[in-house]
Amino acid sequence: MTTARLDRRAQRPPVGLAATGTDDRTRPSARRRPQRRKSRLTALAFLTPLVVYLAAFYVYPLYRNVDLSLRDYTVRSFVAGDAPFSGLDNFRTVLDDPTFGPAMRHTMIFTFVSIAFQYLAGLALAVFFNRHFRLSGTLRALFLIPWLLPLIVSASTWSWMLNSESGVVNYALHLAGVAPVDWLTSPDWALTSVVIANIWIGIPFNLVILYSGLQNIPAELYEAASLDGASAWQQFRRITFPLLRPVSAITLLLGLVYTLKVFDLIWIMTKGGPGDASSTLATWSYQLGFGTLLPKFGPGAAVGNILILIALAFGLLYIRVQRRQEA
């Protein structure tokens, strides 16, 4: 019996060693817990400014805009904050308004004509500068000037250039023997004028994005195509344009979302006139909310929400197309 007990005691690990073995197994997880907490706190510390910024400048204004469009606000109720709930009445008022049809049509024309010419001009310039000739960097920097200028400066400059009496455009037409055009005061030319100015402003953005996309296309593909006897047009059609498609898609989407909400340029140049000749949903929303002595806050916010829904629809369409291409 004594010998058996001694053997069992010999097989048992010492108390100190057993405790040490247990500590070795538990100590790494115990050390990881404070490290994980510290990492989470660090991540939250970096996230907090972004969340506060998004909540203050995106979420809250969007909520207020939706609230404005669903209530019957007057100047008094806007200050007091006791406007009655009206549901979708403001949207019905906007859709039944005779201004809605022309404003929607002008918005679509302004948006799609602008992004089409901006994209084509930006793509042509990106392909041109991709050849890396002498002074290409300097010229490319000069093309960025319209993008860097404040929008109020660009709009004021175009207003001066297209002035019917003292503008340089009409002066050039006079030298060419062409009759002057009332660019900003004629219902037939007002929308065309703001479209031309917006195209000029948006070309640098398309140039920068598309040029960066061209840098990611391997040069070996062009070398192989040249050895096979492909012309410059065939290289563009078979290599450049297909490989640039993802960059082109995001460029067009960003251009569309930006152009939908252009207000400053149109307001400075024509104020949506003459009459409603160059009025868009963005300018009409401003006129409803702030352009009269008795502002219509609810309908103005409803027009703004319609613009948001249009932009959201195109964004969802883009995501769906991208998923199909990736699949």
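User: Let's start with Thr107: buried or exposed?

Analyst: Thr107 is buried, because its relative accessible area is 1%, and buried means under 20%. Please keep in mind that this is a predicted model.

User: Where is Thr107 found, and what does its side chain reach?

Analyst: Thr107 is found in helix 5, and its side chain reaches the backbone nitrogen of Leu281 at 2.9 Å. Leaving aside residues up to four places away in sequence, Thr107 touches Leu260, Thr280 and Leu281.

User: Switching to rings: how many aromatic pairs does a search of the whole structure find?

Analyst: The search finds 16 aromatic pairs. One of them joins Phe112 and Phe314 in an edge-to-face arrangement, with 6.0 Å centre to centre and 65° between the planes.

User: Why does the pair of Phe112 and Phe314 tie together parts that are apart in sequence?

Analyst: Phe112 lies in helix 5 and Phe314 in helix 16 (residues 297-326), so the pair ties together parts that are 202 residues apart in sequence.

User: What is the relative accessibility of Phe112, and what is the relative accessible area of Phe314?

Analyst: Phe112 is at 37% relative accessibility and counts as partly exposed, and Phe314, with a relative accessible area of 26%, is partly exposed too.

User: What kind of aromatic pair do Phe236 and Phe241 form?

Analyst: Phe236 and Phe241 form a tilted pair, 6.1 Å centre to centre and with 45° between the planes. Phe241 counts as partly exposed, at 34% relative accessibility.

User: Which residues form an aromatic cluster?

Analyst: Phe263, Trp267, Tyr286 and Phe290 form one aromatic cluster.

User: Now the largest pocket: what volume does it have, and how many residues line it?

Analyst: The largest pocket has a volume of about 760 Å³ and is lined by 22 residues, of which Asn65, Lys261, Gly304, Leu307 and Ile308 lie nearest its centre. Two or more residues of the lining come from each of helix 2 (15-69), helix 13 (245-260), helix 15 (281-290) and helix 16.

User: Where does the largest share of that lining come from?

Analyst: Helix 16 supplies the largest share of the lining of the largest pocket, with 7 residues.

User: Last one, Gly255: where is it found, and is it buried or exposed?

Analyst: Gly255 is found in helix 13 and counts as buried, at 11% relative accessibility. The C-alpha atoms of Gly255 and Ala116 are separated by 9.5 Å, although these residues are 139 residues apart along the chain.

Key: Residues are numbered from 1 along each chain as its sequence is written. This is a predicted model: local features need pLDDT of at least 70, side-chain atom pairs count only at pLDDT 80 or more; totals for chains, interfaces and linings use all residues. Side-chain values use heavy atoms; hydrogens and water are left out. Helices (H or I, at least four residues) and strands (E, at least two) are DSSP runs, numbered from the N terminus. Buried means under 20% relative accessible area, exposed over 50%, partly exposed in between (1.4 Å probe, protein chains only). A polar contact is a pair of N or O atoms within 3.5 Å; within protein, one must be able to donate a hydrogen and the other to accept it, and residues adjacent in sequence count only if both atoms are side-chain atoms. Contact means heavy atoms within 4.5 Å. Rings of Phe, Tyr and Trp (its six-membered ring) pair if their centres lie within 6.5 Å; planes under 30 degrees apart count as stacked, over 60 as edge-to-face and the rest as tilted. On a 1 Å grid over the protein atoms alone, a cavity is a set of points where a 1.4 Å probe fits but cannot get out, and a pocket is an open set with protein on both sides within 12 Å along at least five of seven lines; lining residues have an atom within 4 Å of a point. Grid points are joined across faces, edges and corners, and a volume is the space filled by probe spheres set on the points.
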